[in-house]
Every structure is written in structure tokens, then in C-alpha cells.
Amino acid sequence: MDDLSGRLAALIRESDLIQGKFIAESLARLPQPEREEFERYLRFCLANGESIPSLADAYLGMVDGIMGEQLYFARNGRYRYSRLDEVESHVYADPEYMGRYVRGIAISLYLWPQHQEIKRFFQDALPAKMAGAYLEVGPGHGMFFLHALRGGGFNRYLGIDISPTSLAATRTLLDSGVFGNFSGYELILADFLSVEPPQPVAACVAGEVLEHVERPELFLRKFRRCAAPGGFIFISTCVNAPVIDHIHNFNGVEGLEALFSSAGLDIDKRLLVPHAGRSVEQAAAMRLPISMAYVLRKA
Ligand SMILES: C[S@@+](CC[C@H](N)C(=O)[O-])C[C@H]1O[C@@H](n2cnc3c(N)ncnc32)[C@H](O)[C@@H]1O
């Protein structure tokens, strides 16, 4: 084995001792199948124009960006931006920025405890087989979409993303052959709130998208409309987690769950991952990040 992840951790450590140590510890804890999949993901990146230095750079760039936003959040008590038009041009429509960002997030899926837990929660919860279509909003790096396609349990697969770079990343991943051979999926470049997706669909998935929209209540109502009765609905999001393109901070876990309820969505399963070393209550009181994932169904 090449140990690409070990090389990535070592290179990150050269620039940032704390991140390097954190990653090395996280890798040491990673179950072997996930470590192998991470190696495979890194091999895929290298075959598609990346290098270990460019991946380290993408990851560190994302971490630096988050630290800058954390500072802003601590000083001002709110995220820097609250409107889509404030972030659209320098995030979603900037291929340079977005390309590094989706790689950074994909790496964090394997290495950050909150993202690992959400990925496992999603993989355990997604029904193996369901008649009907799978709709994913904001596939980004494409790893969740890939998981759904690999299972092959749906009749049709549709992804909608507002960023051309994210769609290209998803398409490159699926067409690479590294994780299997997939065909017949559709990817649409659009803001979910301004398209009419086919409906009803058997599964509606949106991982880490809700905090990127101005009016999450409209998003949730539309999600509900898309879902078939008894359909699988998956949402993950976060509170107090400043990132440049997070434009909506929920009023805590309760605030988010009240939005589900007013959109006509019941909670089937819930995963709450508070900031490391804190309980959910402590994180909420200290306005520290809490990651959240839900399996929902139509009320
Ligand atoms: C943080 S990434 C999430 C990637 C992946 N789903 C995950 O859970 O890690 C957010 C993605 O949502 C997309 N996005 C944000 N707002 C959107 C909207 N209104 N409609 C469609 N896609 C959107 C972004 O372009 C980006 O690819």
C-alpha cells in the first residue's frame, strides 16, 4: 500500500503541527475498511490532477478559512454573510475556491469525528432497496451520491447542485471507475429552490446544505413536497459552525427541530455531535458547533 493518507498527514504536519497531530491520531483510529476507502479516494484525486501537496493545501486552506470565520463569529455573534448573493460569486461560482473546498470537505469526511459519524449514520440509515427515485441536493464532492449509487437500490438517481465545480467533482468521481461503474444518473446545475424536480421521489437527501440557504423553511417545505409518502428523508446540518458560505445559523437544535415540525416533517432518527469534549447542552450554552443529522418522514 502507498500510504497516501500517511503522506498527507506528514505534509500537513510540516505546515501545521496541531492539524498534523490531529490527523495522524484520527487516521490511527480509522477502521481499516474506511482507511482503505480513504486511500482509494486519495488515489482517485491523484489520478485527476491533484498531488499530495495540493490536497494538503486544500485541506489547510479550508481549516484556515474556518478559523477566520470562527473569529468573526466570536466577535460578532453571527455568521459574516446572510444572503446567497453575498457568497455566490466568490464561493459557488469560483472554480478555484470551490475545487479546493470540495476536496477539503471530502478529506474531512474521513478524518473529522463529526463528519465520520454523519457519514456512517447516513450509510446505516439509507434503505438498501426502495422503488422510486433518489434525489440528492448539494452532492458537492459526491461521496454520499456515490454510496447511494453503489447500493443500487433505486430506479433513478438525480443530483442538483448550485455549483458547477461541485457537479464536475461529483461527475468525475462517479465516472472515474475507481469506485465502480455507474451510468444513468442525472446531475442538474441549479438552485434547488428554483427548479421543479420530478416528484414524488423515494429518497430526498441533503447533506450540509440547509445552513447554506437563506430560507431553510422554504427548502424543507419543498423537500417534503418532493418526498413520496413513506419516503426516506435525510438532512444533515450544523449550528454555531461558521464557514464563509454558511448563511443561516439555526436557533439551536430546538430551533431546527421546530422548523422540521412546521414544515410537516417528523423525526425518525437523530444524531447530535457536539464540539469535541463538550456535551450538547454545554456546546449550546457556549455557542460551540453542534453537527446534526436526521432521518425524517412526512408527518
Ligand atoms: C458543504 S457542501 C456538502 C457536500 C456533501 N453533501 C456533504 O454532506 O458533505 C454543500 C453543497 O451544497 C451546494 N448547495 C448550496 N446551496 C444549494 C442550493 N440552494 N441548491 C443546490 N445546491 C446547493 C453547494 O454548491 C455544495 O456543493
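First, a term: a residue counts as near a molecule if its C-beta atom, placed from the backbone, lies within 6 Å of it. By that rule 22 residues surround the ligand, and the closest are G138, G140, S163, S166 and G207. By class, the shell has eleven nonpolar, eight polar and three charged residues. Here Ala, Val, Leu, Ile, Met, Phe, Trp, Tyr, Cys and Pro count as nonpolar, Asp, Glu, Lys and Arg as charged, and the others, Gly among them, as polar.

Two notes on the source. This is a predicted model: local features need pLDDT of at least 70, side-chain atom pairs count only at pLDDT 80 or more, and totals for chains, interfaces and linings use all residues. Residues are numbered from 1 along each chain as its sequence is written.

Now the core. Buried means that 20 or more other C-beta atoms lie within 10 Å of the residue's own. Buried residues make up 40% of the 299 residues in the chain. A nonpolar core is a set of buried Ala, Val, Leu, Ile, Met, Phe, Trp, Tyr and Cys residues joined through C-beta atoms within 7 Å. The largest one has 83 residues, of which Y134, V201, A203, C204 and I233 touch the most other members. Helix α6 gives this core its largest share, nine residues.

For 299 residues a compact globule would come near 19 Å, and the chain has 18 Å, which agrees.

Last, helix α4, residues 52-76. Its 25 residues should span 36 Å at 1.5 Å a residue, and the end C-alpha atoms are 36 Å apart, which agrees; the expected span is 1.5 Å times one less than the number of residues. Buried in α4 are L55, A56, A58, Y59, M62 and F73. Their cover includes α1 (4-15), α3 (32-47) and α6 (95-111). After α4 comes G77, with a positive phi near 70°.

Notes: Rg over C-alpha atoms; globule rule 2.2 N^0.38 Å. Buried ≥ 20, exposed ≤ 12 C-beta atoms within 10 Å, placed from the backbone. Helix = DSSP H or I, 4+ residues; strand = E, 2+ residues; numbered from the N terminus. Contact = placed C-beta atoms within 7 Å.
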